[in-house]
Amino acid sequence: MTSTSSVHDFADLSGLMSLMTGDEKHGPAATSTLDVLWVLYDRVLRVSPQTADAPDRDRFLLSKGHGPMAYYAVLAAKGYIPQEWLPGFGAYESRLGYHPDRTLVPGVEIGSGSLGHGLPLAVGTALGLKARGLYHPRTWVLVGDAEMDEGSNHEAVAFAGAVGLEGLHVVAVDNSSATYGWRGGLASRFAAEGWSTLTVDGRDHEALYEAFTTPHPGRPHAVVARVEPKDA
């Protein structure tokens with residue numbers, strides 16, 4: 001599990017985010033993920049700056065790549081990257097681009113880009129770990145509700161449910177930005193394919209922690225974290 005000995009806590013994140021400036025901050029997209037990211041890195045993910053390359057680490061994939069300010073703030077708070085990098089966010093020579101780059105930012109597993117590719121990559125990651133006989137590491141992927149409009153995600157959800165990919169965990173941050181939405185809520189899409197699902201308040205840390213750690217033997221697990229609408 002991630003070390004909790006960091007000099008920073010959740011209350012410091014807004015200050016860390018304020019260090020990042022630029023024209024493409026995508027503030028609402030970033031702040032919608034802040035609580036989810038903190039609970040994962042503070043209490044759930046079995047990875048630390050010291051084990052970021054260890055074969056048996058948990059993998060966290062940020063598919064919701066717009067507005068990575070919250071992600072960078074959490075990585076800085078937990079010691080993956082120096083706080084001094086933050087003011088250069090988005091600058092030409094900065095490691096911290098408007099989409100995270102796995103070759104430049106320690107702890108980042110994938111390069112974020114077009115919406116709809118992170119969940120399929122997470123399916124492949126979970127399958128790859130199983131093929132290597134690594135059953136301890138878990139794969140987590142954070143997606144947005146609008147991103148779930150992409151067809152690539154539906155194929156990934158259907159496949160993972162059909163094969164019972166237990167090592168796969170999805171956190172879908174729902175800020176009511178999807179074009180069409182889903183009858184019965186976003187969780188219904190996962191449940192229809194045999195996933196374990198929970199829908200919780202995306203600002204309630206205890207509810208998030210309980211949802212993230214709920215057992216789901218033989219099935220992938222999806223947590224829908226509802227937050228305030230993007231335009232609220």
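Throughout this tour, Ala, Val, Leu, Ile, Met, Phe, Trp, Tyr, Cys and Pro count as nonpolar, Asp, Glu, Lys and Arg as charged, and the others, Gly among them, as polar. The model on screen is predicted, so local features need pLDDT of at least 70 and side-chain atom pairs count only at pLDDT 80 or more, while totals for chains, interfaces and linings use all residues. Residues are numbered from 1 along each chain as its sequence is written, and side-chain values use heavy atoms, with hydrogens and water left out.

**Stop one: the largest pocket**

Select Y135, R138, E166, G167 and H169, which lie nearest the centre of the largest pocket among the 19 residues that line it. A pocket here is an open set of points on a 1 Å grid over the protein atoms alone, with protein on both sides within 12 Å along at least five of seven lines, and lining residues have an atom within 4 Å of a point. Its volume, about 270 Å³, is the space filled by probe spheres set on the points, which are joined across faces, edges and corners. By class, the lining of this pocket holds nine nonpolar, seven polar and three charged residues. Helix α5 (residues 118-131) gives the largest share of that lining, three residues; helices are DSSP runs (H or I, at least four residues), numbered from the N terminus.

**Stop two: α5 beside α6**

Axes are lines fitted to C-alpha atoms, for helices over the stretch in contact, and angles run from 0 to 180 degrees between N-to-C directions. To see where they meet, show L119, P120, V123 and L127 in α5 with S152, N153, A156, V157, F159 and A160 in α6, contact meaning heavy atoms within 4.5 Å. The residues of this contact are eight nonpolar, two polar and no charged.

**Stop three: α3 and its two partners**

Next, select α3 (residues 34-44) and helix α8 (residues 205-212), whose axes come within 10 Å and cross at roughly 60°. These two helices, α3 and α8, are therefore oblique to each other, and their crossing is right-handed, which is to say that the near helix is turned clockwise from the far one by less than a right angle.

**Stop four: the largest cavity**

Which residues line the largest cavity? Select Y41, L45, V47, A52, R57, D58, R59, F60, Y80, G107 and E109 to display that lining, in which six residues are nonpolar, one is polar and four are charged. A cavity is a set of grid points where a 1.4 Å probe fits but cannot get out, and the largest has a volume of about 70 Å³.

Terms used: Parallel < 35°, antiparallel > 145°, perpendicular 65-115°, else oblique.
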